[in-house]
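Please keep the sequence and the coordinates open while reading.

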Amino acid sequence: MARALELAQRGLYTTTPNPRVGCVIVRDGIVVGEGWHERAGGPHAEAIALDAAGAQAANATAYVTLEPCAHHGRTPPCADALVRAGLSSVVAAMADPNPLVSGKGLTRLREAGVNVRVGVMEEEARELNIGFVSRMSRGRPWVRTKIAASLDGRTALLNGSSQWITGVEARRDAHHWRARACAVLTGIGTVKQDDPQLTVREVETTRQPLRVVVDSRLEISPAARIVGTGTLIATAVRDEAREAALTAHGASVALLPNIAGRVSLPDLLRALAACDVNELHVEAGAGLNGSLLQEGLVDELLIYLAPHIMGDKARGMFDVPALTELAQRREFDITEVRMIGSDLRVIARMR
């Protein structure tokens with residue numbers, strides 16, 4: 001199963017919106033076939049492994065990182081293929097949270113007389129597909145907020161200047177997280193201040209994530225570098241002239257107002273899930289970061305701390321109302337601390 005997970009990892013940047021899946025087929029203690037799912041529409045891991053194993057798949061055991069599918073999508077059901085190949089056993093790391101599958105593949109195997117075991121290295125398998133699991137079980141993407149800050153938690157000078165707080169290595173590392181995400185989210189304030197592209201440039205990739213801008217008053221200029229094919233502008237107002245100018249440059253506009261006249265962030269996440277977004281990577285300022293945090297929509301923090309001090313007058317990470325008691329704190333569990341070049345990378349998850 002560890003080898004199957006290693007294979008699945010190869011699809012980290014390419015499988016979206018499908019899950020990352022690996023498969024290893026073993027007969028008499030010898031690996032006779034292995035495969036991994038590379039991209040949506042392509043063959044699944046089980047099909048590739050079965051093709052490699054050929055006749056040796058008979059009476060063998062398949063180790064697969066996710067329950068084999070039992071429905072017809074762009075490819076035929078893997079559960080049926082495993083049955084036809086005559087495997088004696090299938091070991092799955094976890095059940096598929098997709099309602100179209102969700103136990104049906106395991107049932108199909110058992111009904112055909114295949115010995116089935118589930119739960120081997122389940123935590124590792126779930127971690128690899130945390131966004132897919134979130135979309136299928138919660139109806140929204142996994143939200144990872146990336147922040148570059150000084151040791152005293154400052155993300156920009158009072159005048160908004162923030163390039164560059166962290167070093168080259170940390171910025172390159174952040175592109176790996178962009179590359180694995182289905183979409184990158186920012187706010188209109190960041191667009192006005194920095195005019196970012198928010199594309200993946202430091203990592204070799206066959207695709208670019210969807211770029212999403214929260215712009216409640218539809219202020220974004222069609223000339224902004226982020227605007228183009230593969231860009232979604234989420235707004236709270238209808239302005240046909242501005243929308244036409246943006247769509248003429250290839251962008252899409254979504255009207256998602258809340259009762260306060262701002263973009264409804266929960267509605268935006270649901271809309272992104274409907275567009276098959278598994279992992280949402282946030283690179284925004286304190287305003288949007290604070291709004292996501294207040295609404296309980298941040299799942300994970302990816303923070304790069306640079307070894308310098310910027311002072312109290314510089315801008316912070318989250319613009320939220322002042323707390324009146326410590327019990328109001330948002331609590332996180334730190335899951336990883338690591339040096340990236342001269343900067344410290346901290347990963348933390350909402351409790």
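1. The largest cavity is lined by T15, T16, N18, P19, R20, N129, G131, F132, C182, N278 and E279. The model under discussion is a predicted one, and the points below should be read accordingly.

2. By class, the lining of this largest cavity comprises three nonpolar, six polar and two charged residues. The volume of the largest cavity is about 70 Å³. A search of the whole structure returns one cavity of 30 Å³ or more.

3. T16, which is one of the residues lining the largest cavity, is joined to P17 by a cis peptide bond, with omega at about 5 degrees. P17 lies in the loop that runs between α1 (2-8) and β1 (22-27).

4. How do helices α3 and α4 lie relative to each other? Two packed helices are described by the angle between their axes and the distance between the axes. For helix α3 (residues 78-85) and helix α4 (residues 104-111), the axes come within 9 Å and cross at roughly 20 degrees. Because angles under 35 degrees count as roughly parallel, α3 is roughly parallel to α4. The crossing in which α3 passes α4 is right-handed.

5. Which residues of α3 and α4 meet? On the α3 side they are A79, D80, L82 and V83, and on the α4 side G105, R108 and L109. The contact of α3 with α4 consists of four nonpolar, one polar and two charged residues.

6. A further backbone feature concerns S102. The phi angle of S102 is near 30 degrees, which is a positive value in a residue other than glycine. S102 is placed in the loop between β4 (89-92) and α4; α4 is also the helix that meets α3 through G105, R108 and L109.

7. For checking against the displayed model, two backbone sites may be listed: the cis peptide bond between T16 and P17, and S102 with its positive phi.

Conventions:
Residues numbered from 1 in each chain as written. Predicted model: local features only at pLDDT ≥ 70, side-chain atom pairs only at ≥ 80, totals over all residues. Heavy atoms only, no water. 1 Å grid on protein atoms, 1.4 Å probe; cavity = no way out; pocket = protein on both sides within 12 Å on 5 of 7 lines; lining within 4 Å. Points joined across faces, edges and corners; volume = space filled by probe spheres on them. Nonpolar A, V, L, I, M, F, W, Y, C, P; charged D, E, K, R; others polar. Axes fitted to C-alpha atoms, helices over the stretch in contact; angles between N-to-C directions. Helix = DSSP H or I, 4+ residues; strand = E, 2+ residues; numbered from the N terminus. Parallel < 35°, antiparallel > 145°, perpendicular 65-115°, else oblique. Left-handed = near helix turned anticlockwise from the far one by under 90°. Contact = heavy atoms within 4.5 Å.
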